[in-house]
Amino acid sequence: KVYMIGNEGCPLQGAAAALKLWGDNRDALVAQSSSASGVCICFGSCLSDGADTFMATVATALGHRFEWRTIHLPVEDATGPPLLDDELGLLDLANIIVVDPGMTLPSLSTLSIAPIDVEEDSETSRDDGEERANQVAMSFGAGSYGQLALGERNTTCHTFSRMMVAGEAHDESQGICSVDVSAGESHSAVLLSNGDVLTSGMGNFGQTGRVERKSSFTLGPIAWDIFTTQPKIVSVECGSKHTLMIDEGGRVWSLGCGKYGQLGHGDTYDLDEPQCIWPLDGDPSKDGACRAIQVAAGGQHSLMRDSSGKAWSWGENSNGQPGTWQCA
């Protein structure tokens with residue numbers, strides 16, 4: 001295997017490096033050309049010009065017998081994101097591995113609720129129920145971990161595309177539609193009109209509510225504890241690596257990364273199943289009891305507003321994010 005590391009920003013340099021690799025390793029590559037492959041690990045949203053030229057030159061020299069695979073791993077911290085199991089398999093089989101710093105495009109993941117086939121005729125009117133029945137969740141932006149729910153590990157998507165649902169997660173023929181969306185750092189959540197929540201994207205901390213804690217590339221339902229009666233959710237918010245929800249009874253549920261206390265369970269454990277954190281005592285469904293009205297999820301802290309008008313906060317306090325850690 002040949003490892004190329006460096007910032008090949010110039011196409012001419014990339015072509016020269018490819019020709020040198022071909023000359024130095026021609027016999028070995030030709031001998032394995034029936035199954036030869038290469039992997040480029042790109043730490044940006046798109047390939048640099050040098051790496052793109054390098055890969056094209058190698059592919060041209062070897063012809064149809066050689067196949068390139070590109071793994072995009074946008075670096076957001078010193079450790080970088082983890083590789084998926086199938087990507088590790090590609091690296092193990094590769095004859096050539098190229099590491100490219102790449103070029104970074106804005107890593108914004110945007111979600112939207114949009115109607116299906118809405119005519120532009122201003123005279124055409126529909127009642128609220130008909131409009132809601134036509135609503136679907138759509139996404140665009142960075143999708144390296146499946147947060148766009150487009151069915152595959154898309155790096156970027158520059159136009160709104162309909163988010164895909166795994167299996168029979170919900171049936172649009174029954175009038176169930178998307179009513180709200182939220183985007184986290186590398187995961188997304190969609191609230192359905194029947195109170196179910198679908199998620200996609202990175203789940204390594206449990207933020208998508210999948211027991212296996214793997215990245216998911218299509219929307220799927222959150223797994224609830226078998227001893228918990230699944231409530232009807234009316235609001236969902238994604239933080240950096242955690243998720244908050246409010247049910248119709250005014251209770252708050254949380255799951256995902258708890259390293260900084262952002263889940264509100266009194267500890268720092270991660271959770272892949274929703275657990276109730278509000279109310280602190282009593283039943284919010286009783287007359288006069290405080291109910292949760294709104295939640296917001298930050299990077300490593302969380303906020304809630306109750307029916308009495310008070311704001312509550314919890315989580316990381318390195319810069320005073322949660323105020324007094326409780327009622328602010």
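The model is predicted, so local features are given only where pLDDT is at least 70 and side-chain atom pairs count only at pLDDT 80 or more, while totals for chains, interfaces and linings use all residues. Residues are numbered from 1 along each chain as its sequence is written, and side-chain values use heavy atoms, with hydrogens and water left out.

A pair of aromatic rings is described by the distance of the centres and the angle of the planes. Rings of Phe, Tyr and Trp (its six-membered ring) are taken as a pair if their centres lie within 6.5 Å; planes under 30 degrees apart count as stacked, over 60 as edge-to-face and the rest as tilted. Across the whole structure, 4 aromatic pairs are found. One of them joins Phe140 and Phe160, whose ring centres are 4.7 Å apart and whose planes stand at 90 degrees, so the pair is edge-to-face. Because Phe140 belongs to strand E6 (residues 135–142) and Phe160 to strand E7 (residues 156–162), this pair ties together parts that are 20 residues apart in sequence. Strands here (E, at least two residues) are DSSP runs, numbered from the N terminus.

Trp224 and Trp253 form another edge-to-face pair, with 5.1 Å from centre to centre and 75 degrees between the planes. Trp224 lies in the loop between strand E11 (216–221) and strand E12 (233–238), whereas Trp253 lies in strand E14 (residues 252–256); the pair thus links distant parts of the chain, 29 residues apart. Trp224 is buried, with a relative accessible area of 13%, and Trp253 is buried at 5%.

Strands of a sheet pair through backbone hydrogen bonds, either parallel or antiparallel; two strands are counted as paired if DSSP finds at least two bridges between them. Here 4 strands form an open, antiparallel sheet in the order E12-E13-E14-E15. E12 and strand E15 (271–278) stand at the edges with a single partner strand each, so one side of each has no neighbour in the sheet. E14 and E15 pair in the antiparallel sense over 4 bridges, and Trp253 stands opposite Cys276 in E15.

Gly250 is found in the loop between strand E13 (242–247) and E14. Gly250 is buried, at 1% relative accessibility. Its C-alpha atom is separated by 8.2 Å from that of Trp278, 28 residues apart along the chain.

Note on methods:
Buried < 20%, exposed > 50% of the residue type's maximum accessible area, 1.4 Å probe, protein only.
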